[in-house]
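Here is a short report for a first look at this structure.

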Amino acid sequence: MNRIAIAIDGPAGAGKSTISRLIAEKMGIEYIDTGAMYRAITLKLINKGVDISDIQKVKDIVNSTKVELVNGRVYLDEIDVTEEIRMPYVSAKVSDVAAIPCVRERLVHLQREMAKKTSVIMDGRDIGTNVLKDAEVKIYLTASVEERAKRRYIELKNKGIDVTFEEICNDIKNRDNIDTNREVNPLRKADDAVLVDTTGKSIQQVVDEIISIIKEGA
Ligand code: C5P
């Protein structure tokens, strides 16, 4: 197989990471969860008590921070933070951090470096429109707000995290709003992306649908 890049974008809870991970396994290619990278940086800024309006401070920290994705685990300065970055207190801040231009500049650079080396499926908000503009296949994955919130709620509850459905709904709406309205690389469907609505579909149905799009497009 020739080297291939697959870009998966869409709002929170559309199923991007579950679907991307399964497709990566099936195709034997690398999965890159860019949201996890923004979450890791956010966790560091929270732990250090940084005021994110202090752009110079944010820049210094971002440029001296190591974020790595290895075998499905997320490492922040060599510490495994895979579970911590999913906590609601990180979700509540991540979109504000991701809207800061110097944060995006640094992470987009790292993401492009990762995609240079090997075939990848990369998910996020600006992959098809910016990070991997030349990706062979672009998918815009979405679902209704209610369904997205329901999936997130079940996921967090299964992990034993104490949240209400209302909190999750508000978090998703808030992040959708910040992600689609920010100035730098907002969330939007790339003109050449295929829209896949996952509302009411099983994981397997969506995986099969995307695999056939990949077969047609690659
Ligand atoms: O994918 P996930 O929901 O974990 O992403 C967390 C947040 O990171 C998003 O709500 C968005 O604000 C930000 N993000 C981004 N660009 C990406 C990936 C994620 O701005 N490529």
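## Annotated domain

UniProt positions are given in the numbering used here, feature names are shortened, and annotations may be inferred rather than shown by experiment. The UniProt record, an unreviewed entry, places the feature "domain: Cytidylate kinase" at residues 6–215. The end C-alpha atoms of residues 6–215 lie 11 Å apart. This span is 53% helix and 16% strand. Helices (H or I, at least four residues) and strands (E, at least two) are DSSP runs, numbered from the N terminus.

## Basis of the model

This is a predicted model: local features need pLDDT of at least 70, side-chain atom pairs count only at pLDDT 80 or more, and totals for chains, interfaces and linings use all residues. Residues are numbered from 1 along each chain as its sequence is written, and side-chain values use heavy atoms, leaving out hydrogens and water.

## Cysteines

The structure holds 0 disulfides (pairs of cysteine sulfur atoms within 2.5 Å). Cys102 is buried, at 12% relative accessible area. Cys169 is also buried, at 13%. Buried means under 20% relative accessible area, with a 1.4 Å probe and protein chains only.

## Helix pairs

Helix H7 (residues 145–158) and helix H8 (residues 165–181) have axes that come within 9 Å and cross at roughly 125 degrees. Axes are lines fitted to C-alpha atoms, for helices over the stretch in contact, and angles run from 0 to 180 degrees between N-to-C directions. Contact (heavy atoms within 4.5 Å) involves residues including Tyr153 of H7 and Cys169 of H8.

The axes of helix H2 (residues 34–47) and helix H5 (residues 101–117) come within 11 Å and cross at roughly 140 degrees. Among the contacting residues are Met37 of H2 and Leu107 of H5.

Key:
Buried < 20%, exposed > 50% of the residue type's maximum accessible area, 1.4 Å probe, protein only.
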